[in-house]
Amino acid sequence: MIPNQYKITTSNVNVDYGNKRALHDINLQIEEKEVTALIGPSGCGKSTFIRCLNRMNDLIEGCKVEGKIMIDEVDINSPDTDIVELRARIGMVFQKPNPFPKSIYDNVAYGPRIHGLAKSNEDLDNIVTKSLKRAGLWNEVEDRLDASGLSLSGGQQQRLCIARAIAVNPDILLMDEPCSALDPIATAVIEELINELKERYTIVIVTHSMQQAARLSEKTAYFHLGKMIEYDITSNIFTNPKHEMTEAYISGRIG
Amino acid sequence: MTDNFTEIRLRKRYRAEKRFKIYSVSALILALLILATLISSIAISSIPAFTQINIGIDVKMNDDQILQFEEDPENVSWRSLQKKSFYSMFPDVETRKDKKELNKLLSTGAYIEIKKFYLDNPNKLPDNNIIYVPASDDVDLLIKDIIDRDLPQDMRTISDNQISYLDKLISNNRIKKTISWRLFSNSDSREPELAGLKGGIVGTLLTMFVTLIISFPIGVLAAIYLEEIAPKNKFTDIIEVNINNLAAVPSIVYGLLGLAVFLNYMNMPRSAPLVGGIVLALMTLPVIIIATRAAMASIPPSIREAAYGVGASQMQVIVHHVFPLALPGILTGTIIGIARAAGETAPLLMIGMMAFIVDVPSKITDKATVLPAQIYMWANNPERSFEYLTSAAILILLVILIMMNLLAILLRKKYERRW
């Protein structure tokens, strides 16, 4: 086998919802500890693609994924792959902040608890503290960890979800439009956070905002109607797109 | 021209909206009026049943009877003690016929009160005691002015002689009105002044207990499978349609099933809360399954995704998140289902729980009846007092059902969460 320097490699990934094909032959290589942005108009399949990477599409009735997705040289769709362990290694942050209706502490502690990551209560406290610090939320909530996760503001809730995702020690973070439900200030905080997080995690982010992709990512993939049109270094995509559809999108003619 | 036209249209729309509002408000008022009439008529006609008339008798035991009592209270001839004591209060009543009439003023169970008095107060054995015993149902109605004493003698169930005895008792201040606690402490009886609901209440509780412990776990687990685990295909569609159909099956059909399967085939005990509970559990199952599925379907998918996203297994997602969040809805559905079962008579008819049973059941295999069945049987009794007792029993059943529904509302309020 040829050694592969990429963290995630997808080859010929097709996704069908019933009879409708949502993704056509996606081939993408994602580098370790980089931010990869997926952009494109609504319904282009970028969310569907990101959900393939932790097999979230398994939950959708009638959704069929074909092709090969290798993460760390392992085919995640092979029958030997345990889906629970896979999802523990790949954290996910969703479009709308979705904390559990539990306390802030329990939200973060839930993952470590079910995976048995903490040997004692002290251990668990440490994991919760560390995760909240990394998510940049610690200073705002350290004196009210027992408060409900739902009592936080939208931006804080989203950072809580990020803390929850990184508490189980993943090496990949998938973010599905994490800022689309937030105001510009909360968005700026999250973007800053993503910039810090990429030192530790491989991040794949779906975004509607081209500026966000330009600010955050090393590589950008442009999706259109279920096909990947162009994938390149971010600056190339935005300054010198090779494909005319990409150019049309970034200049605002498609969208 | 256009302005005028717009204004006409506008006024027309306002009128239509006003009419619509009036229709709906009057429908609501009508419904409330009907309900209020029903409940108040039951409440009013139940008032006489909540009090009972007692007659005070002078009782003095002779030495023989005291000796008998000390040997064994069962040896005392309580009935003759009651009769002799009562007759001695009316020395001028002499003939056998008159004495018999006199004795009919007292309930046939009056001696039980005398016995109870001495068992509770053994130190008063040699004393002269005034013991209050229940009056017969006709006396009860006469004192409460339900039987009109001015009617000619042959049109009432109480004779002129009896009325004169009663008047003597009244003037001697030996008539006492008390609250009829026996409604809750006695079980069923042919005598209205002795009949109580304890057998029916305990029977209902035992039956509901069996219904709950069978239908809740089975219903919830079945709903979890159908809602969360089962693949969506033709087969599960058929199951779903049939569960909805089962919820609409007439309840007597479940009774026939119970008769055929549990009594005839499995030889379970007749008239027992065990069988009644199983039959009602079968009837309640579809209600619980539908309520549980609806409660779980209302949990936002984002919570499931969040849990799956941190690597929870399907069981963990259900046990840690979906089930606890759906619990208020599940409990509400369950309590409403159980409350419906508690008011059910038809299925119990087929398995022999619609029966005159005097003993209070102590376990689920004892013979028992339930409150609605007792109401039905009381309504069929010829004695006039049962008319008021029936209303009282309906009121008590309604109070129990309303309390169950209140519990459902409180539980929902307490555990309800927003997301």
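Where chains A and B meet, 17 residues of chain B are in contact with 20 residues of chain A. Keep in mind that this is a predicted model.

**The side of chain B that touches chain A**
- Two elements of chain B give two or more residues each to this side: α13 (301–309) and α14 (314–342).
- Of these, α13(B) gives the most, with six residues.
- Sorted by class, this side of chain B has seven nonpolar residues, six polar ones and four charged ones.

**A helix with a bend**
- Helix α14(B) has 29 residues, yet its end C-alpha atoms are only 36 Å apart.
- A straight helix would reach 42 Å at 1.5 Å a residue, so α14(B) falls short of that.
- Look at B:Leu327 and you'll find a bend of about 50° in α14(B).
- There's a proline there too: B:Pro328 follows within four residues.

**The nonpolar cores**
- The largest nonpolar core has 137 residues.
- Those touching the most other members are A:Leu38, A:Ala163, A:Leu173, A:Leu174, A:Ile203 and B:Ala393.
- Helix α12 of chain B (residues 273–297) provides the largest share of this core, with 15 residues.
- Zooming in on A:Leu173, and skipping its neighbours within four places in sequence, its contacts are A:Gly91, A:Val93, A:Ala165, A:Leu197, A:Tyr201 and A:Ile203.
- As general background, nonpolar side chains tend to be buried together in soluble globular proteins.

Note on methods:
Residues are numbered from 1 along each chain as its sequence is written. Chains are lettered from A and ligands numbered from 1 in the order in which they are written. This is a predicted model: local features need pLDDT of at least 70, side-chain atom pairs count only at pLDDT 80 or more; totals for chains, interfaces and linings use all residues. Two residues are in contact if their C-beta atoms, placed from the backbone, lie within 7 Å. Ala, Val, Leu, Ile, Met, Phe, Trp, Tyr, Cys and Pro count as nonpolar, Asp, Glu, Lys and Arg as charged, and the others, Gly among them, as polar. The bend at a residue is the angle between axes fitted to the seven residues ending there and the seven starting there. A nonpolar core is a set of buried Ala, Val, Leu, Ile, Met, Phe, Trp, Tyr and Cys residues joined through C-beta atoms within 7 Å. A residue is buried if 20 or more other C-beta atoms lie within 10 Å of its own, exposed if 12 or fewer, and partly exposed in between; C-beta atoms are placed from the backbone.
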